[in-house]
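These are my notebook entries on one protein model. I set down what I looked up, step by step.

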Amino acid sequence: MTASESPAVSATEPDWSRESREGKGWSSGRSLLAAIRDYQAARGPLAWLLRASAVIRHRFWSVVTGADIPLNARIGGGLLIPHPNGIVIHPDSPIGPNCLIFQQVTIGAAAGGIPTIGGHVDIGAGARVLGPVVIGDHARIGANAVVLSDVPAGRTAVGIPARIVGEDRGNT
Ligand SMILES: CC(C)(COP(=O)(O)OP(=O)(O)OC[C@H]1O[C@@H](n2cnc3c(N)ncnc32)[C@H](O)[C@@H]1OP(=O)(O)O)[C@@H](O)C(=O)NCCC(=O)NCCS
């Protein structure tokens with residue numbers, strides 16, 4: 001299958017099946033995310049109880065994974081974190097739907113600002129995305145990159161400091 005024939009992943013419509021734990025067995029990343037989703041979805045007279053339960057689960061899975069993804073993180077649906085170890089995400093950084101974040105990624109503050117991550121952005125292991133940068137939809141960040149400036153939609157950034165390589169991958 002060529003890239004142009006690959007099924008498109010939406011940058012705007014969350015695919016919640018990507019976070020589903022059904023039939024997936026042990027998945028610490030999905031369990032951590034589920035605690036965050038349940039905390040943020042809690043409504044009604046028993047919301048305090050649902051939130052309290054979510055907080056306990058969030059603390060447990062945060063210890064297990066060593067990830068720091070806050071309960072109030074602004075993450076679009078359909079996030080994949082297959083190896084959640086060491087992921088750190090700033091609570092105010094908006095992250096679009098259907099992103100993929102590998103282990104040891106930091107999305108954090110620097111230079112007086114925080115990153116904005118588009119939809120369907122893949123971020124390779126160990127990458128750091130720092131400061132008031134905007135990562136466009138369908139972009140890719142290479143493993144161990146340090147991203148200090150904007151990455152246009154559909155483009156790939158690698159290296160330290162990150163530079164754009166390759167062609168526009170469109171919406172694949
Ligand atoms: C960035 C990435 C998506 C690019 O993949 P690609 O489109 O197939 O790109 P290519 O392999 O053709 O590389 C294009 C150029 O970028 C360079 N490059 C690719 N990945 C790089 C990286 N992580 N750091 C530095 N340079 C990198 C290549 O050396 C090549 O440079 P050149 O044009 O000067 O020869 C991929 O290399 C990557 O880093 N993926 C992350 C995977 C990951 O984290 N897996 C964890 C699994 S547990």
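**Entries on fold, ligand shell and one glycine**

I began with contacts across the sequence. In this predicted model, residues 24 or more positions apart account for 26% of the contacts in the protein with a separation of 6 or more.

I next looked up the secondary structure. The protein has two helices and 11 strands. Along the sequence, the pattern reads α-α-β-β-β-β-β-β-β-β-β-β-β. The radius of gyration is 16 Å, close to the 16 Å that the globule rule gives for 172 residues, so the protein is as compact as a globular protein of that length.

I then noted the extent of the model. Taken along the principal axes, the C-alpha atoms fill a box of roughly 50 × 40 × 25 Å. Of the 172 residues, 35% count as buried.

I turned to the ligand. Which residues are closest to the ligand? Gly124, Ala125, Gly142, Ala143 and Val158 are the closest of the 13 residues that surround the ligand. I sorted this shell by class and found five nonpolar, seven polar and one charged residues.

My last entry concerns Gly86. I located Gly86 in the loop between helix 2 (47–65) and strand 1 (88–89).

Key: Residues numbered from 1 in each chain as written. Predicted model: local features only at pLDDT ≥ 70, side-chain atom pairs only at ≥ 80, totals over all residues. Near = placed C-beta within 6 Å. Nonpolar A, V, L, I, M, F, W, Y, C, P; charged D, E, K, R; others polar. Helix = DSSP H or I, 4+ residues; strand = E, 2+ residues; numbered from the N terminus. Rg over C-alpha atoms; globule rule 2.2 N^0.38 Å. Buried ≥ 20, exposed ≤ 12 C-beta atoms within 10 Å, placed from the backbone. Contact = placed C-beta atoms within 7 Å.
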